[in-house]
Amino acid sequence: MTNQQPFKIVIASGKGGTGKTTLSTNLAAYIAEQEKVVLVDLDVEEPNSGLFFEGKLIHEEDNLKMIPEWDESLCTLCGLCQKVCNFHAIMQLGPSILVFPELCHSCYACSELCPVDALPMIPKVIGKLRDYQVDKLHFVESRLNIGEEQAVASIAKTKKYAASKYDKVRIALFDSPPGTSCPVIEATKDADFVILITEPTPFGLHDLKLAVETMRTLNKAFGVVINRYGIGNDDVLHYCEAENIPVLARIPNNRKIAELYSAGKLIYPEFPEIRESLGHILDYCLSTAERSPA
Amino acid sequence: MKEIVIISGKGGTGKTSITAAFAVLGGADVVVADCDVDAADMHLLMQPDFGNEEDFYSGELAYIDQSNCTRCGLCQQVCRFDAISVIDGKYSIAPIDCEGCGYCARICPTKTIINKKLLAGKWYISNIKTGSLMVHARLEIGADNSGKLVAKVKDEAKGIAIEERKEYILVDGSPGVGCPVVSSLSGANFVVLVTEPSVSGLHDLKRVHQLVKKFNIRSGCIINKADVNPEKCSEIKHFLKEEGIAHLGDLPYNEDFTKAMTQGQTIVEFEQGVLTGLLKESWEKTKVLTNLNKSEK
């Protein structure tokens with residue numbers, strides 16, 4: 001174990017509300033009983049993991065995005081900026097240039113190709129990153145300001161912060177946003193292992209299939225955790241069997257669990273079998289590292 | 001024609017189950033638009049016939065034609081997304097990292113980088129079991145531009161509603177507050193917020209409500225699984241009152257929602273009891289408030 005990077009486990013799901021945050025927070029707290037661990041909430045649109053810990057704020061910074069700012073005094077109204085922007089974030093309207101910051105992807109093309117340097121890039125605050133600590137548990141979250149549309153830049157920035165600040169931990173956990181589109185790719189693309197959490201219902205199965213397809217496209221090692229097991233039917237289980245996907249744990253459908261979650265409480269301290277499941281999940285994830293050394 | 005958008009901030013609160021129930025209650029008057037394009041589930045309850053299928057192209061991906069590449073490295077220098085690397089002496093672009101800005105292609109001295117149009121998904125117009133039509137879509141794995149596909153689905157639904165003189169468009173939105181949600185909200189007449197009484201439910205409701213406020217659209221809220229945490233539930237009701245959000249109803253925690261789903265049914269088809277009664281009430285309130293909104297403007 002020389003010069004080891006943290007083992008990165010991302011908790012993701014196709015469907016929302018299947019238990020990503022429940023699993024992330026409980027797994028993080030479970031690991032933190034023994035060793036220092038970092039949990040990073042990458043669901044920057046709706047970050048929830050922090051609701052389950054009362055941590056001490058140890059660091060706070062703005063999440064910035066670079067956008068062009070029009071310098072009227074230099075501009076010759078040549079129209080090139082509008083032409084080179086693939087995202088329609090710049091428009092020439094009569095004698096002025098309008099910038100739409102929400103649409104800008106910070107590619108710098110307009111700024112650097114402008115013949116008279118009339119579009120310097122300036123930082124715009126799009127959200128906030130916060131870093132908390134509860135004993136051995138370190139918790140990093142970013143929240144996107146309301147009205148900002150692009151989660152990806154914030155996710156990338158948050159990962160970068162966590163990677164440089166917590167390079168010495170053995171395990172880093174990441175709570176992904178739901179879905180299968182670009183924010184999920186950004187959250188999972190450098191994972192060592194992805195846990196897909198689902199529920200045994202037709203919606204759960206349908207969205208799990210999309211998530212599995214996504215992970216296969218990204219060539220990721222992954223496994224499935226079935227939450228609310230006992231509700232619905234066995235189709236998810238059969239699907240995983242047929243596709244040779246390991247089922248790492250089944251969290252029972254239990255109203256008491258829903259109640260604890262609703263109150264912002266951790267679950268495993270009250271359920272010995274879930275503590276055991278967390279152990280299994282963790283062992284499995286880490287064992288994949290030994291099987292396929294990077 | 002009025003547009004009703006159903007969103008929740010948090011996923012898994014029952015948004016799609018409730019939208020589907022409303023679609024059945026509204027019957028032939030309602031065109032359904034499933035705008036949760038990256039995890040679209042509505043079709044599992046609506047029996048669509050996928051009658052009309054179209055490709056959706058959006059965005060571009062840069063591709064290096066190796067034959068003319070002089071290995072000048074300019075493309076790698078200008079790429080802000082670290083998408084270009086040298087593999088076995090050849091410059092190559094990782095599709096997963098390419099943002100499609102086209103900067104590299106524009107400055108390539110030998111014009112050896114080309115932008116390929118990206119197939120971002122498919123969209124469908126289907127006949128559904130309510131006797132009406134549904135517009136739905138499927139985003140390609142990992143595609144961005146989900147906001148644009150949402151806009152496309154909504155536009156098509158709008159066109160159909162106008163042409164067929166339907167009264168309502170019912171839009172099932174995605175979780176979160178980002179680009180697909182913003183896209184689903186534009187042009188809406190009324191927003192139904194679906195939440196659950198949990199710390200996460202309330203937290204996410206507050207964030208998505210801030211977004212709705214920016215659009216200046218009137219909204220109402222359904223509290224699903226209301227009895228799971230009575231304390232949080234009253235906290236939510238307090239929040240609704242303070243913010244002037246109409247309370248459209250409470251639904252109890254009930255596994256019949258799941259049982260109905262496993263049979264491909266909405267809850268209003270599956271049971272004729274309490275839940276259906278409550279949903280009918282919420283739907284009636286939603287219609288009244290949606291129409292009120294217009295006359296006030």
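Predicted model: local features only at pLDDT ≥ 70, side-chain atom pairs only at ≥ 80, totals over all residues.
Tyr91(B) has its place in strand S5 of chain B, which covers residues 90–93.

Is Tyr91(B) buried or exposed? Tyr91(B) counts as buried because 22 other C-beta atoms lie within 10 Å, and the threshold for that class is 20 or more. Leaving aside residues up to four places away in sequence, Tyr91(B) touches Ile64(B), Cys69(B), Arg71(B), Cys75(B), Gln76(B), Ile84(B) and Val86(B).

### Domains

| Chain | Domain 1 | Domain 2 | Separation of centres |
|---|---|---|---|
| Chain A | 7–63 + 128–291 | 70–119 | 39 Å |
| Chain B | 2–47 + 128–296 | 57–119 | 41 Å |

In chain B, 6 residues of domain 1 are in contact with 4 residues of domain 2. On the side of domain 1 of chain B that touches domain 2 of chain B, the residues divide into 1 nonpolar, 2 polar and 3 charged.

### The sheet of chain B

An open sheet of 9 strands is found in chain B, with the order S3-S6-S7-S2-S8-S1-S9-S10-S11 and mixed pairing. Its edges are strand S3 (52–64) and strand S11 (246–250) of chain B, each of which pairs on one side only. On average, and with direction ignored, neighbouring strands of this sheet are turned by 20 degrees against each other.

Strand S10 of chain B, residues 219–223, runs parallel to S11(B) and is joined to S11(B) by 4 bridges. Within this pairing, Ile222(B) stands opposite Gly249(B), and Ile223(B) stands opposite Asp250(B). The chain passes from S10(B) through H8(B) to S11(B) in a right-handed β-α-β crossover. S10(B) also pairs with S9(B), again in the parallel sense, over 5 bridges, and here Val192(B) stands opposite Gly220(B). S9(B), helix H7 (residues 199–215) of chain B and S10(B) together make a right-handed β-α-β unit.

How many of the residues of S10(B) are buried? The strand is mostly covered, with 5 of its 5 residues buried. In a regular strand, side chains alternate between the two faces of the sheet.

Helix H5 (residues 146–163) of chain B lies across strands S2, S3, S6, S7 and S8 of chain B, and runs at about 165 degrees to S7(B). Helix H8 (residues 230–243) of chain B packs on the sheet and touches S9, S10 and S11 of chain B, with its direction at about 175 degrees to that of S10(B).

### The contact between chains A and B

The contact takes 49 residues from chain A and 50 residues from chain B. On the side of chain A that touches chain B, the elements giving two or more residues are helix H5 (182–188), helix H6 (202–217) and helix H8 (255–262) of chain A. H6(A) gives the most to this side, with 8 residues. By class, this side of chain A has 19 nonpolar, 22 polar and 8 charged residues.

Notes: Residues numbered from 1 in each chain as written. Chains lettered and ligands numbered in written order. Buried ≥ 20, exposed ≤ 12 C-beta atoms within 10 Å, placed from the backbone. Contact = placed C-beta atoms within 7 Å. Domains from an automatic or database assignment. Nonpolar A, V, L, I, M, F, W, Y, C, P; charged D, E, K, R; others polar. Pairing = 2+ DSSP bridges. Axes fitted to C-alpha atoms, helices over the stretch in contact; angles between N-to-C directions. Right-handed = clockwise from strand over helix to strand, strands pointing away.
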